[in-house]
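Subject: Structure for you to look at

Hello,

Here is the structure I said I would send over.

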Amino acid sequence: MSEELVLNDKKTKNNRKRVEKWLRNNQKYINITAIEKEISAPKGLVQKYIKYNKKINDKWIDPLYSVIKQFTTFTLR
């Protein structure tokens, strides 16, 4: 059980790094409000991170990661 928690924590940290780096690198090209609406996040969550470097709560990292992953893959469905 403890091993699962360690792996889950490590996965969240890796996802956090990926999400934060992607948001910083692509802030010019994305619609922040649309991303927040897609995951039902509070208004200004991503903007506060980008503009004021305010930490994003852990519960929003996985939904952000999945949305970013979804529209950065160029596969035909």
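Predicted model: local features only at pLDDT ≥ 70, side-chain atom pairs only at ≥ 80, totals over all residues.

Overall layout

The protein chain has four helices and zero strands. Read from the N terminus, the order of elements is α-α-α-α. Along the principal axes, the C-alpha atoms fill a box of roughly 40 × 35 × 20 Å. The chain has 77 residues, of which 31% count as buried. Taking contacts between residues at least 6 apart in sequence, 56% of them join residues at least 24 apart.

Helix H1

H1 covers residues 2–26. With 25 residues at 1.5 Å a residue, H1 should span 36 Å, and the distance between its end C-alpha atoms is 36 Å, so the two agree.

Several residues of H1 are buried: Thr12, Asn15, Arg16, Val19, Glu20, Trp22, Leu23 and Asn26. What do these buried residues pack against? Their partners are helix H3 (45–52) and H4. As background for reading the list, an α-helix has 3.6 residues a turn, so residues three or four places apart point the same way.

H1 against H4

H4 runs over residues 58–72. The axes of H1 and H4 are 9 Å apart, and the two helices pack at an angle of about 60 degrees. That angle makes H1 oblique to H4. The crossing of the two is left-handed.

On the H1 side, the residues in this contact are Thr12, Asn15, Arg16, Arg18, Val19, Trp22 and Leu23. On the H4 side they are Asp58, Ile61, Asp62, Leu64, Tyr65, Ile68, Phe71 and Thr72. By type, the residues of the contact divide into eight nonpolar, three polar and four charged. Among the H1 residues that meet H4 is Arg16, which is also on the buried list. Trp22 is likewise one of the H1 residues meeting H4 and is buried.

Lys43

Lys43 sits in the loop between helix H2 (32–38) and H3. Is Lys43 buried or exposed? Its relative accessibility is 78%, and because the cut-off for exposed is over 50%, Lys43 counts as exposed. Lys43 and Ile32 are 11 residues apart along the chain, and their C-alpha atoms are separated by 9.4 Å.

That is the end of the notes.

Regards

Notes:
Residues numbered from 1 in each chain as written. Heavy atoms only, no water. Axes fitted to C-alpha atoms, helices over the stretch in contact; angles between N-to-C directions. Parallel < 35°, antiparallel > 145°, perpendicular 65-115°, else oblique. Left-handed = near helix turned anticlockwise from the far one by under 90°. Contact = heavy atoms within 4.5 Å. Nonpolar A, V, L, I, M, F, W, Y, C, P; charged D, E, K, R; others polar. Expected span 1.5 Å × (residues − 1). Buried < 20%, exposed > 50% of the residue type's maximum accessible area, 1.4 Å probe, protein only.
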